[in-house]
Amino acid sequence: MTNRPVFFVLPFLMLLGACATGPVADSNPDSASVTTTTMEPLVPADGDLIRQPLAEIAAALRNGEVTSEALVERYLARIDAIDRQGPKLQSVLSLNPDALTDARARDAQRENGETLGPLHGVPILLKDNIESRDNLATTAGAIVLADNVTGRDAPLVAGLRAAGAVILGKTNLSQWANFRSSDSISGWSALGGQVRNPHMLDRSPCGSSSGSGAAVAAWLGAAAIGTETNGSIICPSQVNGIVGFKPTVGLVSQQHIVPISSTQDTAGPMTRSVTGAAMMLDAIDTVDVDYVAALDANALSGARIGVLRFAEGSNDDVIEHFNAAVEALRQAGAELIEIDEFERDPNYGRASFDVLLYEFKATLNEYLADTPETVSARTLDDVIAFNETQSERELALFGQDLMEQAAAKGGLDEPRYAEARELAQKVAGQDGLDAFFEDHDLDVVISPSGPVASRVDPINGDVWPSWAGAGWMAAVAGYPHATVPMGTVHGVPVGVSFMGRAGDDSRVLSFAFAYEQRSQLITAPAFHSSALDRPEIAEAMTAPR
């Protein structure tokens with residue numbers, strides 16, 4: 001196996017203001033400058049409503065400052081100008097043909113004094129492994145699922161609709177949520193191509209919820225839903241400079257979502273503020289908790305916070321930002337406990353990987369068996385065989401060795417599966433996060449959310465620098481995890497992570513909110529073509545005369 005950190009699904013490998021038209025139009029993301037082909041600005045003006053976080057957009061709808069129809073029209077125009085043309089982010093895979101009709105219906109309801117909920121009329125994007133009853137396929141980015149139009153809502157989508165949301169479309173993703181190849185490229189799918197990071201177009205958008213992260217960062221929707229097995233909400237949120245929240249596993253139903261792991265999969269919100277994430281979680285969770293009401297700007301006062309120094313990585317810039325975040329927490333009244341070491345069981349890597357292989361085979365076979373007759377593949381073996389027939393597109397950049405390894409596994413009744421699952425969860429939970437919380441009487445632990453995004457590399461696949469962060473612990477243990485922007489490194493965003501115990505979702509969001517209110521470090525994307533668009537880098541890369 002490779003040693004590169006395909007962390008979001010392979011945890012054992014990682015320890016993973018502009019003018020009206022912007023700069024000049026060019027579809028090549030490696031060119032010196034990029035712009036839109038319409039009058040839609042790359043970066044909307046400060047007073048533009050779509051620059052605002054979800055709560056402010058919802059308030060504008062509620063107050064009659066804008067209609068849902070007008071918002072949907074604006075987002076559709078912007079997707080055409082920014083995602084399909086101009087910088088070609090390729091973050092939105094498909095658009096709901098009924099979005100405008102649904103928006104007009106929400107407007108009519110509001111005019112008649114009927115409001116469904118806090119998201120009434122708000123345009124929301126879904127990662128394209130989540131089913132909706134709209135006339136949209138749920139593809140996971142794969143050709144074999146191109147006709148997977150199920151006509152049913154995943155429970156989380158039903159929750160969004162009940163809160164009044166309008167489903168705008170589906171976002172691109174790392175194909176099969178990045179569980180196809182050990183040499184994959186984050187953000188690439190056969191149906192959607194390569195998602196681009198709006199902060200720097202040749203940098204990885206990370207994955208697998210890459211399209212959701214890039215789309216929210218580029219103001220292509222008010223908010224989005226991503227899914228995570230191991231880092232697939234947190235990493236793309238971090239590198240695209242937005243807020244991401246991975247709930248406790250089981251808090252959000254995984255029914256009617258293309259799966260990887262029955263013990264680690266969860267969907268969660270990706271937004272431009274912690275309040276927006278709380279609003280989204282209010283709509284999609286399975287319990288009666290008001291996450292927005294629980295947000296407290298003073299939550300950090302008196303909190304005991306574990307600082308996971310063993311996971312801060314080796315990048316001086318990331319460490320500098322992390323130290324600044326730690327200092328902000330101290331100034332907010334938190335008591336900080338430094339945790340310098342963590343020794344992991346040497347068998348953890350193989351065990352955690354085996355869990356995913358076993359569960360992917362079992363859960364995907366179950367999902368495929370319930371797809372419409374228009375889907376030819378009914379098993380994982382069928383998918384592998386289909387990809388061979390479509391190798392010119394499907395296998396052009398990397399293979400499907402992870403699928404093949406999963407297909408070779410037995411059932412979930414095998415002793416090896418139970419042993420691997422017990423070990424993996426013990427290392428991440430009992431011997432990991434649980435031990436930190438209990439030994440130091442902690443309320444939450446923090447770390448960097450990841451390293452600075454690497455470049456997209458279609459030749460070698462993902463090649464990440466030395467890793468930073470401990471998100472694998474929250475992922476494998478199934479615990480809540482939030483990332484909040486903590487600054488940029490030469491224009492590329494980095495984030496700070498807050499992780500709590502199982503069921504502490506409300507408290508984790510509140511701690512993240514309190515930090516966000518003090519820091520306010522979300523950064524508008526600059527749509528740089530590469531690092532050479534940064535003057536300090538261009539100068540340093542040029543020989544002195």
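Mentor: Rings of Phe, Tyr and Trp (its six-membered ring) pair if their centres lie within 6.5 Å; planes under 30 degrees apart count as stacked, over 60 as edge-to-face and the rest as tilted. By this rule the structure holds 10 aromatic pairs. This is a predicted model, in which local features need pLDDT of at least 70 and side-chain atom pairs count only at pLDDT 80 or more, while totals for chains, interfaces and linings use all residues. Residues are numbered from 1 along each chain as its sequence is written, and side-chain values use heavy atoms, with hydrogens and water left out.

Trainee: Why is the pair of F179 and F360 edge-to-face?

Mentor: The ring centres of F179 and F360 are 5.0 Å apart and the planes stand at 65°, so the pair is edge-to-face. Helices (H or I, at least four residues) and strands (E, at least two) are DSSP runs, numbered from the N terminus. F179 lies in the loop between α5 (175-178) and β4 (188-189), and F360 in helix α11 (residues 348-369), so the pair ties together parts that are 181 residues apart in sequence.

Trainee: Are F179 and F360 buried or exposed?

Mentor: Buried means under 20% relative accessible area, exposed over 50%, and partly exposed in between (1.4 Å probe, protein chains only). Both F179 and F360 are buried. Another pair, Y348 and W472, is tilted, with 4.9 Å centre to centre and 50° between the planes. Y348 lies in helix α11 and W472 in helix α16 (residues 471-477), so this pair ties together parts that are 124 residues apart in sequence. Y348 is buried at 0% relative accessibility, and W472 is buried at 2%. Ring pairs also link F310, F342, Y348, F436 and W472 into a cluster.

Trainee: How many disulfides does a search of the whole structure find?

Mentor: A disulfide is a pair of cysteine sulfur atoms within 2.5 Å. The search finds one, and it joins C206 to C235 with an S to S distance of 1.9 Å. The torsion about the S-S bond is about 100°, so the disulfide is right-handed. C206 is buried, with a relative accessible area of 0%, and C235 is buried at 1%.

Trainee: Why is strand β9 largely enclosed by the rest of the structure?

Mentor: Four of the five residues of β9 (residues 304-308) are buried, so the strand is largely enclosed.
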